[in-house]
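The sequence and structure come first.

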Amino acid sequence: MSEELNFRSPQRQSFKGVFVLFITDLLKNVRQNFIVLLLPFVNEKIRTDYLWIFLLILSSLLLFQFIYSYKSYLNYQFYIKKDALCLDHGVFKKSNLEIPFYRIQNISIEQNIIQRILGVVGLKIDTAGAKSSEVRIKALSEMMANDLKRELVEIKKTIDVPDETKKNTTVSTNQGTEPEHVLKLGFSQLLKVGISSNFFKGIGIIFLVLTSTYDMLSDLFNVFYDDDLNDELYRSIPKTLSFTLFMIFFILISGFIITMASVMFKYFNLSVLNRKEGFQVNYGLLKKENKFIKTQKTQIIERETNPIKKFFDISNVYVSQASSSRVNQKQKIGIVGVNDQQFHKIFQTLFKTDIDKQFYVARTDIRYLIRSFWFQVLMTLLFGLPTYFFIDPVVAFVIGSIIFIAVGMINYLTVIKSYVGYDALFLKIGSGSIHTKSSYIPTHKVQSISVRQSILQRSSDLSDLIINTAAGSKKINFIPYDKAITIMNNTNYNLHQTKEEWM
Amino acid sequence: MSDFSNLSVKLENIPDFKSIELTPIHPKFRRILSIRYSIALILSALVLSTLIYYVSLPLWSYSLMIFVTLTIFVLIYLEFFEGFPNRKFGIRELDIIYQIGFLVKKETIVPFNRIQHIEVTQSLLLRKFNLYSLLIYTAGESSGDLKIAGLDHHTAQKIKSKVLQEIEDE
C-alpha cells in the first residue's frame, strides 16, 4: 500500500501539467484578446513600424505566461488529511482549500483534447451546496488519477458506512464481479442516433459560417477589385434558379452531416454502467467524458423522442441532478440511443418505481396560441422586411409566408404537446414541438410550487404552473386555474406523505 | 392501478390551500412603496428632462420616450397599489403560503421541510418604519426562493422560529 501513503504527503500533478496549464491559459488569453492579436494584420502602421515591438511584447507575455504556469504547477499540491482532501494553490495569493469528505458528491475523470494529446487526465470533484461546487485537478497521469479516485471513494465509503448499512442490508456488494452494462451503444446504434438528431442546429451553424465567410470574402473582394461582391452576387444569383436550389440543397445536406458527425463524435462509445449508487456514463471520441449519475442526487429525468427516433425505437434521456446553480442543458447528463426497455431500467434504478402509470392530466389551453402569435408575427417581420427592402417583394412574400406558416405550426405543436400530469408519486410534464419531451419529477423532490395568473389570463381562468426543484424549475403555460390549484394541493399533500428525502 | 382509486378517496381529505384565510402584510409597507415609487418617478423625470434639454432628437422620439415611461409608471402603479391588498401570507402546519401581484398574481407554497435557510433582513427604508423582510431559501437555483417584505418584528421572528423548529424536527 505504498500508494496510500503517497497521498498523505503533498503531491504535485504530473509534470506535463505545466503544459496543460500553459496551453489552457494561453488559449483562454488568445480567445479573450483576439482583437489585439489581429492588430498587425489590420493596421498598416503597426505592421511596418512597430512589428518588432509588438512581437517583443508578445513573446515576453508568452514567457511570463509560461513562468506563471510553471509557478502555479509548483504551488499546486494536494494531499489527504484525516477527514478532508486538501489543495494548496495560487501564484501570487496562496490559498489552501479543504474539502471535507462528507461534502464530496461526485468524483469523475475527464480528458479534453489538450489533456489527450499530452497523455494526462483531469480529476473533477463535485461538492454539494457551496457556490464553487467543483474542484478540478487538471493534469494527472491516468494511474495516479485512478489511485486517487479509488482512495477517495474508499475513504468516503468508510464515512458513509452507518448510512449504507441501514439502507442496503439486502444488497450484497457486487464489487468482485464486473459491473453490469445497462447500455452500450454500438456503431449502428450510434448511426441511428446521428441520423435522427435535430439537424436544424447544424443548419444554424452552416448559416453562421456562411455569413461570416461571406463577409470576409466580400472584404477581400473589395481589396482586390473596385467592384462590390454584393452587386456581383445579386446580379448572378437570380439569373440561375438552379444555383439557388443547389445552395439550399447544399446547406441542408451539410447541416445534416455536421449535426450527425458532431453527435456521433460526442457520444462515441457511449456506455452506461450499473454501479452501487447510480450509473457511470462514459462517452466521447475527442473529448472523453466520464460522468456519474447518483441515484440520490437525481431530481428530474427527461425523455426526448421524435418521429424518426420512434421509428428506430431510440430516445434521448437527460438526467438533471441537484445543483446550487442553474442547471442548463449542458449540465444535464445525456444518454442517447436508449430503447424502451433500457429507459425503464434507468428510470427504475434512479426513482425506485416504474413509470407505467395513469396520470391525471391538465393540458395547455389553445388560447396560448394568442400569446405565441406575437412571436410568429415578429419572426415573420424580422425575415420578411429585410428581404422586402433589399431583395424583392415577391421573394419577401414567399419567405414571409413560409416563416409565418412554419412558426405557426411549431407554435401549434408546442401547445398540443404541452401538459402536466400528476399522481401520488410523480409529476409528468410534456413539452416539445417537433420533438416530444416528457419530464418526470418525483413529488417528494419538489422544492416549492407556484401558480401565476396574469390579468389577461384572469378572464379566461387560465394560469401558469411553476414547479421548482433542486435541479431547476419547470413551467407549464395556460392550464385551467382550478386544475393548477388541485395539482398544487395534491403535490403538497403527497410531498408530506412520503418519508423519502429529496436528496 | 391501485393509485387510481387511492387518489380519488384522498381528494376530499387533501387540504386546500385556498380555503385558509391569509394574513395581509403590514399596512405601513404601503407607505414604503409610495416612497419608492416617488423616488423612481422623480429620477425618471430628471433623466428625461436632462435628455430633452441637452440632446437634440426628433420630436417623435421624445414623445415615444415619455409615452413609454408613463406606461411603465402606470403599470407599476397598478402593480404596487392596486395589488397591495393581494400581498398576503399564510402559515399552515407544514408549509408557508405567499401571494403577491396584480398584473401577474403569483401564489407560492413552500413546505417547511424543503427550506434550506431563512433570513430576516431590514433595508434602510424598512428600518425607518421598523419593518422587516423575510427571505426563504430552498435548494437549487433562486427561482424557488421566497421573499416576504413588510412584516413587523414580531411576525417575522415568529415565522422564523416556527420554520427553524420545523427544520430541526426533521
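## Domains and model

Chain A is divided into domain 1 (2–167) and domain 2 (368–415). These bounds come from an automatic or database domain assignment. The C-alpha centres of domain 1 of chain A and domain 2 of chain A lie 48 Å apart.

This is a predicted model: local features need pLDDT of at least 70, side-chain atom pairs count only at pLDDT 80 or more, and totals for chains, interfaces and linings use all residues. Residues are numbered from 1 along each chain as its sequence is written, while chains are lettered from A and ligands numbered from 1 in the order in which they are written.

## Where the chains meet

Chain A gives 32 residues to the contact and chain B gives 28 residues. Two residues are in contact if their C-beta atoms, placed from the backbone, lie within 7 Å. On the chain A side, the elements giving two or more residues are strand E18 (446–454), strand E19 (462–469), strand E20 (472–480) and helix H17 (481–497). Helices (H or I, at least four residues) and strands (E, at least two) are DSSP runs, numbered from the N terminus.

E18(A) pairs with strand E4 (residues 104–111) of chain B, antiparallel, over six bridges. Strands pair if DSSP finds at least two bridges between them. Val451(A) has Glu107(B) as its bridge partner in E4(B).

## Helix H17(A)

The 17 residues of H17(A) should span 24 Å at 1.5 Å a residue, and the end C-alpha atoms are 24 Å apart, which agrees. The expected span is 1.5 Å times one less than the number of residues. Buried residues of H17(A) include Ile487(A), Met488(A) and Leu495(A). Buried means 20 or more other C-beta atoms within 10 Å of a residue's own, exposed means 12 or fewer, and partly exposed lies in between; C-beta atoms are placed from the backbone.

The largest nonpolar core has 76 residues. Such a core is a set of buried Ala, Val, Leu, Ile, Met, Phe, Trp, Tyr and Cys residues joined through C-beta atoms within 7 Å. Among the members touching the most others are Tyr267(A), Leu465(A) and Leu134(B). Apart from this core lies another, of 23 residues, including Val20(A) and Ile137(A).

Leu131(B) sits in strand E6 (residues 131–138) of chain B. Leu131(B) counts as buried because it has 23 C-beta neighbours inside 10 Å. Ile39(B) is in helix H2 (residues 29–54) of chain B. Ile39(B) is exposed, because 11 other C-beta atoms lie within 10 Å.
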